[in-house]
Amino acid sequence: MTTSDSPTTTAVPDHRTLLAVMRLAVRAPSVHNTQPWRWRFDGARLHLYSDPDRVLAAADPHGRQRTISCGAALHHARTAFAARGWHTDTVRLPDPAQPDHLAVIDFRPWPDPPPGVLTRAEAIERRRTDRLPMLAPRGWSGEFVSGLRRLANPHDIEFDVLGDDARPRLAAVSEHADAARHDDMMYQHELQWWTGNSEPPEGIPTDALVSHAEQSRVDVGRAFPAAQHSARRADLTDAARLAVFSTEEDAPPRWLRTGEALSAVLLEATAAGLATCPVTHITELPAGRRTVATLLPHETVPQVVLRIGTAPEGEQRPPTPRRPLAEVFEVRSS
Ligand SMILES: Cc1cc2nc3c(=O)[nH]c(=O)nc-3n(C[C@H](O)[C@H](O)[C@H](O)COP(=O)(O)O)c2cc1C
């Protein structure tokens with residue numbers, strides 16, 4: 001590995017740059033904050049692996065959301081490298097015999113990345129998942145939505161904002177999906193573990209969850225164990241717009257790309273001052289996917305629902321904790 005800082009004189013980013021980017025990559029959202037990724041730099045190339053020890057056996061038995069989470073981390077990393085002058089040539093799922101090996105990244109200098117990349121990189125540390133009721137998204141326009149779609153489409157992902165008429169259907173599916181899981185002890189146990197009993201650097205901390213009273217004002221959202229009684233944003237009933245990421249095929253390469261598109265849209269929305277919340281309890285069930293598919297204009301498989309709105313001004317929640325970098329990133333040649 002080289003030690004110089006300058007991308008113009010070195011073939012790979014130096015150690016300091018790698019560490020700085022990895023710190024941003026792990027800020028990516030992940031299902032239940034499981035952070036199911038591992039990164040390895042071999043001296044020339046950076047490898048991303050999905051961590052099979054971080055499986056959600058009940059909620060995510062096939063690893064759909066684990067792979068989507070890793071895709072989000074991949075996009076976070078590529079965005080942060082680009083902002084530091086590094087183009088990342090990425091081969092996804094390079095070895096069919098090793099399905100957990102999700103990506104290999106080669107580097108080359110990129111002195112003039114597009115301005116949008118820099119804005120999205122700056123948004124990484126400001127992004128939070130917001131489960132409270134939101135105001136309608138400020139500055140929402142056809143042009144803004146087209147911009148979001150343009151970020152998703154290069155990944156071969158459809159991104160559709162649902163009309164108001166679809167909202168009651170989606171709210172009903174959301175409720176059904178929660179009801180279907182109500183007596184599923186394995187699912188409930190898993191949810192409890194990741195939201196209450198887990199050690200601080202992983203799982204969803206209580207201050208990121210919502211109370212019953214708050215949740216009752218959000219019609220499309222996963223029912224997590226409720227936080228203690230509170231009535232934040234008491235005057236709001238959720239007016240977030242609802243969008244869906246969907247894919248032509250339902251397989252790991254598409255899941256990885258979904259995560260990349262999700263990251264791009266989340267960062268762009270954050271850069272525009274908007275609040276976001278991915279919602280997947282619906283799409284993790286076949287019946288939920290089938291129903292959401294009927295709301296879309298294409299024959300595609302829904303992967304993630306996203307709420308996008310505006311949070312009242314002046315609110316600032318601390319970032320959700322992450323595992324120490326040493327647990328997920330190593331420098332090793334093979
Ligand atoms: C694939 C995926 C699925 C998710 N599903 C949900 C969900 O159903 N409900 C929810 O409130 N948050 C969901 N999230 C958000 C995560 O819980 C969140 O990213 C994680 O707790 C870390 O918090 P942060 O996003 O604020 O950094 C999901 C995120 C990803 C990437």
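I count helices as DSSP runs of H or I with at least four residues and strands as runs of E with at least two, numbered from the N terminus.

**Ground rules.** I am working with a predicted model, where local features need pLDDT of at least 70, side-chain atom pairs count only at pLDDT 80 or more, and totals for chains, interfaces and linings use all residues. Residues are numbered from 1 along each chain as its sequence is written.

**Ligand shell.** I began with the ligand. Which helix gives the largest share of the shell around the ligand? I found that α2 does, with four residues. Both α2 and β7 (275-279) supply at least two residues each to this shell. I take a residue as near a molecule or strand if its C-beta atom, placed from the backbone, lies within 6 Å of it. There are 20 residues around the ligand, and P29, N33, T129, T280 and T320 come nearest. By class, I noted eight nonpolar, nine polar and three charged residues in the shell. Here Ala, Val, Leu, Ile, Met, Phe, Trp, Tyr, Cys and Pro are nonpolar, Asp, Glu, Lys and Arg are charged, and the others, Gly among them, are polar.

**Two domains.** Next I looked up the domains, whose bounds come from an automatic or database domain assignment. Domain 1 covers 15-125 + 325-329, and domain 2 covers 142-309. Each of the two gives at least three residues to the ligand shell. Their C-alpha centres lie 21 Å apart.

**A helix pair.** Last, I checked α4 (residues 142-152) against α8 (residues 252-271). How do their axes cross? They come within 8 Å and cross at roughly 150°, the axes being lines fitted to C-alpha atoms over the stretch in contact, with angles from 0 to 180 degrees between N-to-C directions. That angle makes α4 roughly antiparallel to α8 (under 35 degrees is roughly parallel, over 145 roughly antiparallel, 65 to 115 roughly perpendicular and the rest oblique). From α4, I listed G147, L148, L151 and A152, which meet A261, A264, V265 and E268 in α8. This contact has six nonpolar, one polar and one charged residues.

Technical notes:
Contact = placed C-beta atoms within 7 Å.
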